[in-house]
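Me: Got a model here I'd like to go through with you. Can we take it piece by piece?

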Amino acid sequence: MRKDSGEDAVVLADWLSHWLSGGGSLLFMTDYDGTLTPHVPDPTAARLEPGVRRHLSALVRAPNVRLAVISGRDLGDVAQRVAVPGAVYAGCHGFVIDGPGIAFSHPEALAQQPIVRALGEALARRASSIPGMRVETKRLGLTVHYRHMSDAGRRAFEIELARAINQGPSGRLKLFHGTKAVEILPQVGWSKGHCALRIREWARGVLPPPMVSVYVGDDWTDELAFGKLVGQAITVRVGPPEAASRAMYRLDGVEGVHRLLERLVEASSRRGAA
């Protein structure tokens, strides 16, 4: 990954603008939190700016562009927050995909849904005794937020999490530590990268060639996609330069993503007017 994010932003925007203006097609895949919206202490407050929604809507209307938002949030949550008709949405780190002409739910993850639900109920009961603990239940996963916990509360939470898993129904689950949160997902061979490849195959069937794919994200779950998409897509890491990444390009923050979207809308409009 190159280190000069200012140069990356210019090079990437110029190249993609010329690609669209010259008749190429684009699949634009992006994360939500930390990419389209900044990270905030309360995840429920992560709202999309109206101007960004207008840019995303304009891209969806362009005949040579498809938009996909791939998030760790529940499918319904991310779809409601973005609220752009015609976009493809993927929730629970790509376990579920829904959009015009594409629908997917990972069968192994679905089979473990009762196990995840039972664990979520057990953790929710325990949360009342640990100040600051919040359990976010999703269709195919859980997120336990501990941003507002004390150190003692964090230790109590870790004990309760281990107890809930050990006392729950048998099943394979994987735990990941995110930004002030623990992600609990079914233990299956699937990630945002697999999801992105599936969406890319769909896009190749609906967009006129030649098509280029872009994936933009900001955290470790997106690094899984960057690895899977080597040679398949242009990958962009959002965040500071000290964060190691497998992405080809880097943008400083969400403002860089917003500027890139604006340039893409301008380029797709020029093609439409030609």
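Me: Where does Cys 92 lie?
Reply: This is a predicted model, so keep that in mind throughout. Cys 92 lies in the loop between strand S3 (88-91) and strand S4 (96-99).

Me: Is Cys 92 buried or exposed?
Reply: Buried. Its relative accessible area is 1%.

Me: What about its phi?
Reply: Positive, about 55 degrees, although Cys 92 is not a glycine. Most residues other than glycine have a negative phi.

Me: And what is the phi of His 93?
Reply: Also positive, at about 60 degrees, and His 93 is not a glycine either. His 93 is found in the loop between S3 and S4. It is buried, with a relative accessible area of 8%.

Me: Back to the cysteine. How many disulfides does the structure hold?
Reply: The count is 0.

Me: Cys 195, then: buried or exposed?
Reply: Buried, with a relative accessible area of 0%.

Me: New topic. What volume does the largest pocket have?
Reply: About 540 Å³.

Me: Which residues lie nearest its centre?
Reply: Pro 43, His 145, Thr 179, Ala 181 and Glu 183. The lining of the largest pocket has 29 residues.

Me: Which strands and helix each supply at least two residues of that lining?
Reply: Strand S6 (134-137), strand S7 (142-145), strand S9 (181-186) and helix H8 (220-228).

Me: How many of the lining residues are nonpolar, polar and charged?
Reply: There are 6 nonpolar, 11 polar and 12 charged residues in the lining.

Me: Let's do helix H2. How many residues, and what reach?
Reply: H2 covers residues 50-61, which is 12 residues. From first C-alpha to last, H2 reaches 17 Å. That is close to the 16 Å expected at 1.5 Å a residue.

Me: Which H2 residues are buried?
Reply: Gly 51, Val 52, Leu 56, Ser 57, Ala 58, Leu 59 and Val 60.

Me: What does the Asp 33 side chain make a polar contact with?
Reply: The side chain of Arg 73, at 2.7 Å.

Me: What about His 39? Where is its place?
Reply: His 39 is in the loop between S1 and H2. His 39 counts as partly exposed, with 44% relative accessibility.

Me: Switching to prolines. Where is Pro 107?
Reply: In helix H4 (residues 107-111). Pro 107 is exposed, with a relative accessible area of 54%. The C-alpha atoms of Pro 107 and Ala 46 are separated by 30 Å, and the two are 61 residues apart along the chain.

Me: Last one. Which residues does a cis peptide bond join?
Reply: Pro 209 and Pro 210, with omega about -5 degrees. Most peptide bonds are trans. Pro 210 sits in the loop between helix H7 (192-206) and strand S10 (211-217).

Note on methods
Residues numbered from 1 in each chain as written. Predicted model: local features only at pLDDT ≥ 70, side-chain atom pairs only at ≥ 80, totals over all residues. Heavy atoms only, no water. Disulfide = S-S within 2.5 Å. Buried < 20%, exposed > 50% of the residue type's maximum accessible area, 1.4 Å probe, protein only. 1 Å grid on protein atoms, 1.4 Å probe; cavity = no way out; pocket = protein on both sides within 12 Å on 5 of 7 lines; lining within 4 Å. Points joined across faces, edges and corners; volume = space filled by probe spheres on them. Helix = DSSP H or I, 4+ residues; strand = E, 2+ residues; numbered from the N terminus. Nonpolar A, V, L, I, M, F, W, Y, C, P; charged D, E, K, R; others polar. Expected span 1.5 Å × (residues − 1). Polar contact = N/O pair within 3.5 Å; in protein donor to acceptor, adjacent residues only side chain to side chain.
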